Amino acid sequence: MDIFHGIKGSPIKKKIILLALFSTLIPLLVVGPITFAFLNKSVENKVSTTVTNLLTIVNWNINTFVAEIEDISNIVFLSNDIHRYLTHNKKDPKHYMYETSSRNTLSNITVVNKPYIHSIYIGNENHGFLKVNQGNSNMNGNVFSQIEDTTLYHQLLDSPWKGQWFNSSKLRLNAGNDEPFLFGRMIRNLGTKDPIGVLLISIDPMIFENMFKEVNIQGNILVLNGDKILYSRNKMEMSPIQLTEIIDGSKDNGTVINYIDGKKNIINYHTNENTDWKIVSIVPFENVVQDINQIRLITITLLVIAFIISVVFAIYLSSRITRELGLLRLVTGQMERREIVSGIHFNKEDEIGKIGNRFVELYNRNNDLTLRLYEAKVKEKEAELLALQSHINPHFLYNTLNAMFWMAEKSKAKPIAKMAISLSKIFKLTLNDGNPITTVKNEIEQVKSYLDIQNIRFDHNIFYHFQVDPNILEEKLIKLLLQPIVENAVYHGLEPKNGRGTITIVGSMQNDCLLFKIIDTGKGFNTSEIDIYSKGYALKNINERLKLHYGDEFGLDINSKIDEGTTVILKVGLKH
């Protein structure tokens, strides 16, 4: 009991090592000697069983590969962007927008972990394109017309929804691919089931080489599609038709003993249910007999070696498993600290590694969505800012033009010219080439031009002074901040006093921000009785624009006394 209690409280790495050792040691000491006596009789069946299991694994790999290709075709089949591209028959901006979206969809499919895809074609009689992932295109001119002339196109038309596999040299999407391996599917309207285009995926036949590289048998392994060979590890000693005749008419899976060129061979085959491909292994019988003789001589040695290997393998296996768990723990720590997870690679073939990769993928995707949400909110605030700027009341332009009209009636050409040139400056500085950001210098020039026009109107009764630090003249700020405040000072402060009075503009930099004061000697008002933000849209506009652009700590403040005047304090940030 103490032993089991000690095992229960030990680390997972130790548990895995002990499990592997006991799992290996017991069969070696008990099953090994017993099965040795029956080795001669059972070796043939064991070879067949082993190969069958390998073929089952290969079949699983093929199913995984086929499922990936079918998943890709489903993405294309269900893509709204591709449907729009195939059904939009006009050569207009929408067509190019849909084509760009479709290409991006195919790029997302082929770029990430799909090097075995040579190219993907989508199109119909109106338009289409070939997305090349590996190598160069072999197609010139109208690709769809070349596809339409092949038998595979008509086979796809007869297939209602699923795709089909083809192995033919008549249609080569990629240059240098003499024996193309294609998957085709008709893209249909989901409502009417009518075909709207065709999808072709060209695949590197060497995908089987990578798929079978872990399959270790003393012979040949190949994949048949009907009477055509899709893959053969070694050179064939018989034609594909002969091999097909040997296994044709038999069950979908099984073993056949047959003589090829006078030599006995064990032929195992397995039929893939999704594609009807036959996975065939051909093992020469003489290799099996040779292995039996060697096993008889070195069985005892192998038992010792197997035990040593099992110990090493157990340590290695436990290290691999605990390594993935350690990486997973590291990742969760980074996630908890809200750090970016990068540079950590899990084993893609390991279940824990797959979970870890998926975990990191979802976490990074969530971070990306959070960033996009933040960008959307920033754009929304920018839109609100532009909307506020667009509501600036144009009454000043109206009054100025009205004053110019009456001056013209009195035929005073010089004042009219001065008003016109001042108005021109105001227009230029206001428009600012469409840029919402200007400089302090431009804002001051705009106020000067405005006061020059108003002085003509009020017979030069307005006196104004600028006390602006020269070091801030080139600082950036949002436009139309000072002129609307000066305009308020003229119309609500000085105009009731027949335009008599003084306006002083003070500008400086304090505590990493710009500080402006607009001081007038107008009639003033009682700030406790009047809500200036609800009464004056211009002041409210400026205050909201400052807060939207720079933050809540910025804005304007107003101090006023009746018959003494008003002071407006403007606090502007330095970041844009």
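Select Leu 302 to begin with, a residue that is partly exposed, with a relative accessible area of 39% (buried means under 20%, exposed over 50%, and partly exposed in between, with a 1.4 Å probe and protein chains only). Leu 302 sits in helix α10, residues 285–336, where helices are DSSP runs of H or I with at least four residues, and strands are runs of E with at least two, numbered from the N terminus. The model is predicted, so local features need pLDDT of at least 70 and side-chain atom pairs count only at pLDDT 80 or more, while totals for chains, interfaces and linings use all residues. Residues are numbered from 1 along each chain as its sequence is written, and side-chain values use heavy atoms, leaving out hydrogens and water.

Next, select helix α4, residues 80–87, in which Ile 82, His 83, Tyr 85 and Leu 86 are buried. Seen down the axis of α4, these buried residues fall within an arc of 160°, so they line one face of the helix (the arc is that of the directions from the helix axis to the C-beta atoms).

Move on to helix α14, residues 440–457, whose end C-alpha atoms are 26 Å apart, in agreement with the 26 Å that its 18 residues should span at 1.5 Å a residue (the expected span is 1.5 Å times one less than the number of residues). Of the 18 residues of α14, 13 are buried, so the helix is largely enclosed by the rest of the structure. Just after α14, select Asp 459, which takes a positive phi of about 55°.

Finally, go to Asn 124, in the loop between β1 (117–123) and β2 (128–132), which is buried, with a relative accessible area of 5%.
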